Amino acid sequence: YDNDGFLDIYVVSCYERNILFHNNGDGTFTNIARQAGVDGVGRSVDCVSGAFNNDGWGDFYVGNYDSDPGNPDYGGNYEGYNRLYWNNGDGTFTNAPGITADRARTIGSSIGDINNDGFDDLYTVNSTKLNKLYLNQGNANNWLQIQLEGDQSSRDAIGTRIELDVGGEKRIKEISGASGYCSHSSLIQTFGLGAATLVDRITIKWLSGTIDELTNVNVNQRLFLKEGEVGHTVSFQFTEIGSAMLTPNKVKISWQTNNLSSGYVQYGLTNTVSNSTNPTASGYLFSEEIDGLLADTTYYYKIVAEDTAGQIIKSELASFVTTIAPIPAENIASQATATASSENTRWGQTASKAVDGIVDGYPGDYTKEWVADQSPAGTWINLMFSEDRVIDKIILHDRINLNDQILGMQITFDNDMQLETGPLPNDGSGLEVVFDPVAVKAIRFRVTNAEGSTAGLAEIEVWQAAQNLTNSELSLDQINVTEVDSNSAVIGWKTSISAYGRCFVNEDTLETSLADSHTVFIENLMPETEYPFSVFAESADGQTAQSDIFTFTTMPGIVPSDTTSPDTTETPVLVDITGEGVVSASSEKSRWGQTAFKAVDGIIDGYPGDYTKEWVADETPVGAWIRLSFPQPVIAGKIICYDRPNLNDQILGFVLHFSDGASLEFGELQNDGTASEFTFEHRQTTWIELEVTAARGGNVGLAEWVVWGASIAAKSFATDVTRNPTSFYVSSNYPNPFNAKTRFEVNIPEPGWLQIAIFNIKGEKIKLLADEIVAPGMQKYTWNGRTDNAADVTSGIYFLNTLFIGKSGVSNQSTGKLMYLK
């Protein structure tokens with residue numbers, strides 16, 4: 001309603017006052033309905049917004065359901081009439097005359113330009129009277145109407161955002177699939193422009209991600225615009241924008257673009273964002289630190305980027321709030337002004353000596369203590385701070401001499417809170433008074449009981465309560481790149497507390513779930529190419545952390561065997577690699593235990609034998625498929641298929657699909673469940689899929705499926721961008737969850753003894769993976785989901801416990817979670 005670029009929310013209520021939530025631009029809202037004059041009570045059930053007078057400021061029409069507004073005998077009140085609130089353009093609204101007096105128990109209202117004059121008309125749906133159509137008489141203000149048709153997005157453009165830049169102001173509308181109660185408004189959007197004669201820019205942001213733009217558009221016309229066919233389509237876009245607080249005075253702004261580009265950040269305390277960072281170098285992934293900010297302050301920012309084709313884009317105005325500077329626990333008594341009922345000035349024993357930070361006095365340095373020049377009982381000393389301070393502890397030091405002692409004191413805060421003390425130690429050591437944190441500006445200490453002829457204090461300590469200090473701050477650690485090949489890599493990292501993660505690689509974004517250990521698998525990379533990446537984390541309580549930008553380089557590609565001379569190509573030795581993959585299927589009969597995993601469990605059986613040892617698709621046979629996916633590329637060259645042993649169902653034909661898009665056709669399988677072997681030209685792939693193309697019977701599946709190939713392990717290497725290679729380290733297991741095998745690495749810093757064991761959730765050790773003397777370096781281990789007795793474990797969470805004792809005697813231990821899924 002205020003054209004600040006942030007959409008606001010107006011809520012009507014049937015029983016409470018209406019609410020206008022002003023968008024503060026920092027993720028929070030403030031109810032300003034009363035100040036704005038739109039909080040009327042009248043059993044409101046409906047509301048529509050529109051620029052009824054086309055002055056450029058959004059107005060409200062509120063439909064009320066009072067049976068007889070103004071007549072208390074019928075439960076009504078004088079606020080119960082329908083209301084048309086004119087936007088005054090200064091944050092307030094005026095109740096318009098005329099249709100305000102309508103009292104027909106309105107339950108719905110719609111707006112739209114009925115007579116095509118550029119001004120929205122109003123139609124009300126009423127419960128006790130006829131519906132009404134109010135024709136807008138218009139005025140001299142200019143306008144623009146936009147009608148959209150989606151292509152990749154919704155045909156009616158639902159969810160599309162339209163932004164108009166007019167004379168330095170931004171007008172925003174989002175097309176909704178619903179508006180009002182028991183009603184719906186026109187999808188043609190009317191923008192009031194006031195005296196403006198030209199629209200500088202129209203930006204249309206479709207749900208598909210397409211962005212269309214028009215510039216220098218004349219007013220007083222209706223535009224029909226189709227997705228992707230408008231002015232020019234902006235192919236250059238931001239794919240990710242985020243901010244992460246580093247300190248109360250420093251923020252890191254990061255962004256990602258889909259084209260090679262450079263850019264900079266505009267920021268400031270207002271939406272004019274008058275400050276700018278220096279332009280970045282060209283790339284896809286960017287991170288800029290901004291220092292010298294004020295703590296606990298809202299800042300606004302936007303990003304300006306330009307690609308190599310000269311396209312310039314600007315991000316939406318966004319905001320961040322810097323954190324409150326941590327307040328340490330410290331003695332702040334010296335910051336107060338001390339006064340007393342009396343003081344011994346001739347000996348320099350004044351009130352200020354009680355807060356000078358020196359615990360001393362007679363028989364030591366008598367000028368370093370406060371002594372009252374009166375009888376002890378009722379003597380007081382007062383501390384006054386310049387502003388409220390939050391404190392939670394006071395320490396009182398009596399005079400050091402043994403002849404005088406305070407036996408009781410009353411402590412009174414300016415909020416009337418009082419504390420009583422017993423005797424203070426007579427040797428000058430401190431009496432500690434601890435309490436819940438309290439905000440105070442003034443504190444009075446009054447002697448209630450004493451021994452000796454004089455009373456005073458060697459020192460008073462007033463301790464400020466620590467604030468905004470936490471042991472659970474979110475941070476990133478152990479960012480590493482492993483399993484780098486010619487077209488894939490695995491990136492892992494840990495967070496100090498559980499958090500959601502995002503990994504940005506060039507123009508791609510990969511997300512992880514809430515956890516403290518994160519792994520993403522990146523594929524479809526180019527050989528021998530350097531890739532920048534960064535990691536972002538956000539905890540459940542809103543803390544954020546952003547890494548620097550790192551890089552890794554993929555390995556050289558493998559030349560296909562059909563283009564390489566046999567004299568120079570080494571044929572890989574094929575082995576059973578089924579256990580290295582993760583199996584999935586188009587469907588499975590889980591109720592009978594006939595899941596996809598049973599096709600790769602190493603057991604060749606099925607109905608009429610053990611029907612729980614085979615995979616059966618739960619669908620029409622033709623089109624059913626089973627897939628084996630590998631965490632890193634493999635070279636495949638042979639499969640062995642065992643059809644279901646029963647004679648009623650048989651696979652008569654199938655196609656093998658590979659990750660590079662290639663497909664190979666094969667014929668029928670042996671119908672008695674014996675082996676059917678198929679060989680093919682060696683090819684590199686990250687997954688293999690068997691799709692049934694012809695079958696007999698109603699239930700197809702496999703008793704067992706074996707894939708023969710070679711892992712490209714010789715071509716891979718591990719690069720750790722942060723950890724010390726001489727330190728002990730256990731990587732995250734991958735994949736996780738898993739259903740065939742999972743693997744992990746242990747970095748050994750020196751010769752020593754290594755023990756690796758798997759425990760179930762009851763704490764029982766079920767598998768000893770390693771118990772051996774090891775040499776320094778990276779050691780790789782695999783667990784196949786089986787116990788020491790070769791029994792399959794059940795689905796669930798397991799714990800990986802690693803213990804290493806080095807030759808130097810230093811021991812290290814690590815525990816991680818594994819999830820096994822059948």
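This is a predicted model: local features need pLDDT of at least 70, side-chain atom pairs count only at pLDDT 80 or more; totals for chains, interfaces and linings use all residues.
Residues are numbered from 1 along each chain as its sequence is written, and side-chain values use heavy atoms, with hydrogens and water left out.

The pLDDT is the predictor's confidence in each residue, from 0 to 100. Its mean over the protein chain is 84, and 91% of the residues reach 70 or more. Over residues 72–77 the pLDDT is below 50, and this stretch has 12 contacts in the model beyond near neighbours in sequence; a contact means heavy atoms within 4.5 Å. For residues 558–570, where pLDDT also stays under 50, the model has 9 contacts beyond four places in sequence. Confidence is lowest in strand β48 (residues 717–720), with a mean of 32, and highest in strand β27 (residues 337–340), with 96. Strands (E, at least two residues) and helices (H or I, at least four) are DSSP runs, numbered from the N terminus.

The protein chain is divided into domain 1 (9–226), domain 2 (239–322), domain 3 (330–464), domain 4 (476–554), domain 5 (575–711) and domain 6 (728–820). These bounds come from an automatic or database domain assignment. The centres of domain 2 and domain 5, taken over C-alpha atoms, are separated by 51 Å.

G112 is placed in strand β8 (residues 106–112) and is buried, with a relative accessible area of 10%. Not counting residues up to four places away in sequence, G112 touches D120, D121 and S186. Between G112 and T578 there are 63 Å in space, C-alpha to C-alpha, and 466 residues in sequence.

S315 occupies the loop between β24 (312–314) and β25 (318–321), where its relative accessible area is 7%. A polar atom of the S315 side chain lies 2.7 Å from the backbone nitrogen of I303. I303 is also among the contacts of S315 outside four places in sequence, together with F238, I241 and K302.

A624 lies in the loop between β42 (615–616) and β43 (625–643) and is buried, with a relative accessible area of 0%. Beyond its neighbours within four places in sequence, A624 is in contact with S586, A617, E619, L690, E691, V692 and V700. V575 is 49 residues from A624 in sequence and 27 Å from it in space, C-alpha to C-alpha.

The structure holds 21 aromatic pairs. Rings of Phe, Tyr and Trp (its six-membered ring) pair if their centres lie within 6.5 Å; planes under 30 degrees apart count as stacked, over 60 as edge-to-face and the rest as tilted. The rings of F744 and Y781 are stacked, because their centres are 6.0 Å apart and their planes at 25 degrees. This pair links distant parts of the chain, 37 residues apart, with F744 in strand β50 (residues 742–748) and Y781 in strand β53 (residues 777–783). Both F744 and Y781 are buried. Elsewhere, ring pairs link F654, F658, F666, F678 and F680 into a cluster.

Notes. Buried means under 20% relative accessible area, exposed over 50%, partly exposed in between (1.4 Å probe, protein chains only). A polar contact is a pair of N or O atoms within 3.5 Å; within protein, one must be able to donate a hydrogen and the other to accept it, and residues adjacent in sequence count only if both atoms are side-chain atoms.
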